[in-house]
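Could you help me learn to read ring contacts in a protein model? I would like the general idea and then the case at hand.

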Amino acid sequence: MSVGRRRLVFALLLVSIAALMFALNVHTPLMMDDYDYSFSWSTGERLNGLAAIVSSQAAHYRLWGGRSVTHFLAQLFLYLGKPVFNLANALMYVLLLLEIYALSKRKETAWDWRPILLAHLLLFASVEFFGVAFLWLDGACNYLWGTALALVPLLISRSEREGGFFDCDAMRSWLALPLCFLAGWTNENTACGVLAALFLLLVWDVIRKRKIRLWRAASLAAQALGVAVMLLAPGNFARAGEPSSRTMIIELIYRAAVVCYCLLRYAGIPVLFAAIAVLTAIRKKTKLRVEWLCVLGAGAVLSAGALVGSPQIADRSFTALIVLLTAMLLTVMADRKPASDRRSVYVGAALVVVCVLAGVYALGEVRAHGSAWMQQVAAMEQAAAAGDDVAVVSSVPSSSRYTMDIVLSPEPSVWPNSSLGKYYGVRIVGE
């Protein structure tokens with residue numbers, strides 16, 4: 001296939017994926033935490049501008065946690081409106097796929113559409129919490145956007161090592177400092193995993209007696225500073241101080257067991273495919289980029305292992321694990337001898353069919369779930385307009401990986417009823 005045709009197919013694939021994600025976001029309503037973050041944590045009033053978001057995040061940092069960058073994005077989109085988020089989130093998902101592609105492709109390879117298609121299929125069809133991490137507004141800002149931002153230091157590292165943008169003049173190189181600082185201030189386990197992997201790479205380069213540029217060490221320090229700012233938030237200590245029925249040692253053992261279970265559960269498919277690809281490459285005596293594979297693998301495992309230090313372990317926290325393992329798989333596949341154009345077309349066509357069918361199914365599930373919740377929203381709005389004291393609404397359970405449970409309490413004062421009542425101006429009773 002000519003370069004021009006590869007570029008066209010590459011562009012059409014990205015546009016198609018973005019269109020699907022946009023449609024899914026349109027039919028994914030505001031849910032659960034979205035209502036909380038529609039109000040300022042500082043004043044308790046509805047967000048009314050950028051200054052209100054900044055002051056809200058200052059209070060959020062003191063009271064709840066240090067993910068100021070991702071929650072700033074969530075509150076910004078809630079202020080700007082859901083239509084703005086729908087478009088921006090679709091584009092960010094495509095950007096994440098491009099990041100996976102950039103982390104895995106060979107330097108001399110360009111406009112190869114197959115890794116993009118495979119990465120999308122692995123995320124879309126295998127991530128059990130896709131709707132929570134990639135479609136729900138608050139969840140997407142924390143896990144899709146947070147992961148995409150946290151991976152930036154890895155992209156910078158590869159660029160510097162392979163003669164890319166950051167392997168040029170000093171002005172470009174020092175741009176890495178603010179980027180790495182923001183990358184560290186995103187998502188606890190992801191940022192910690194990436195930071196640890198890059199630190200190990202730096203140590204390895206020192207052992208190998210490679211030249212270490214000053215800006216590279218400074219950018220790692222900036223990344224560590226971003227992580228520290230996030231982890232040292234007073235709100236983190238306030239939540240971590242909540243009483244537990246287990247001793248610290250038992251609690252850590254329990255968390256480690258949960259992390260190991262989730263590693264086996266969520267890493268299974270990418271690891272299986274990667275192992276098959278590695279064995280095939282060894283059999284064919286293919287030269288693999290072992291060093292880079294170790295960096296990606298370390299980032300994946302360490303991002304999951306960092307959750308042992310978290311008082312709460314949610315399935316969506318393993319988003320970075322799956323993304324980095326997907327990048328590992330595609331790295332191995334990129335190192336193998338490329339298949340013939342005809343074979344690539346056949347395999348690509350089969351993957352496209354699978355992606356289309358999965359997309360149609362997902363859109364149906366999301367539309368049905370969103371419609372069910374919007375019926376409850378209509379009941380709340382009608383009750384408020386009629387001046388009623390109470391609106392009785394139903395919970396909306398999730399039935400697929402592309403949606404999430406919306407569980408309401410019978411008590412109006414209990415979350416999330418309390419946030420819904422404040423948002424719609426009526427007391428909410430769940431049934």
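This is a predicted model: local features need pLDDT of at least 70, side-chain atom pairs count only at pLDDT 80 or more; totals for chains, interfaces and linings use all residues.

Q: How many aromatic pairs does a search of the whole structure find?
A: Welcome! The search of the whole structure gives 17 aromatic pairs. One of them joins tyrosine 361 and tyrosine 402, with 6.3 Å centre to centre and 70° between the planes, an edge-to-face pair.

Q: Where in the chain do tyrosine 361 and tyrosine 402 sit?
A: Tyrosine 361 belongs to helix H18 (residues 341-385), while tyrosine 402 is in the loop between strand E1 (390-393) and helix H19 (417-424). They are 41 residues apart, so this pair links distant parts of the chain.

Q: Is tyrosine 402 buried or exposed?
A: Buried means under 20% relative accessible area. Tyrosine 402 has 4% relative accessibility, so it counts as buried. Tyrosine 361 has 45%, and therefore counts as partly exposed.

Q: Why is the pair of tyrosine 423 and tyrosine 424 edge-to-face?
A: Planes over 60 degrees apart count as edge-to-face. The planes of tyrosine 423 and tyrosine 424 are at 70°, so the pair is edge-to-face, and the ring centres are 4.9 Å apart. Tyrosine 424 counts as buried because its relative accessibility is 15%.

Q: Which residues form one aromatic cluster?
A: The cluster is made of Tyr93, Phe124, Phe130, Phe134, Tyr361 and Tyr402.

Q: What sits over the ring of tyrosine 423?
A: Here a charge meets a ring. The charged end of arginine 46 sits over tyrosine 423, 4.3 Å from the ring centre. Arginine 46 also lies over the face of phenylalanine 39, at 5.5 Å from that ring centre.

Key:
Residues are numbered from 1 along each chain as its sequence is written. Side-chain values use heavy atoms; hydrogens and water are left out. Rings of Phe, Tyr and Trp (its six-membered ring) pair if their centres lie within 6.5 Å; planes under 30 degrees apart count as stacked, over 60 as edge-to-face and the rest as tilted. Helices (H or I, at least four residues) and strands (E, at least two) are DSSP runs, numbered from the N terminus. Buried means under 20% relative accessible area, exposed over 50%, partly exposed in between (1.4 Å probe, protein chains only). A charge sits over a ring if NZ of Lys or CZ of Arg is within 6 Å of the ring centre and within 35 degrees of the ring normal.
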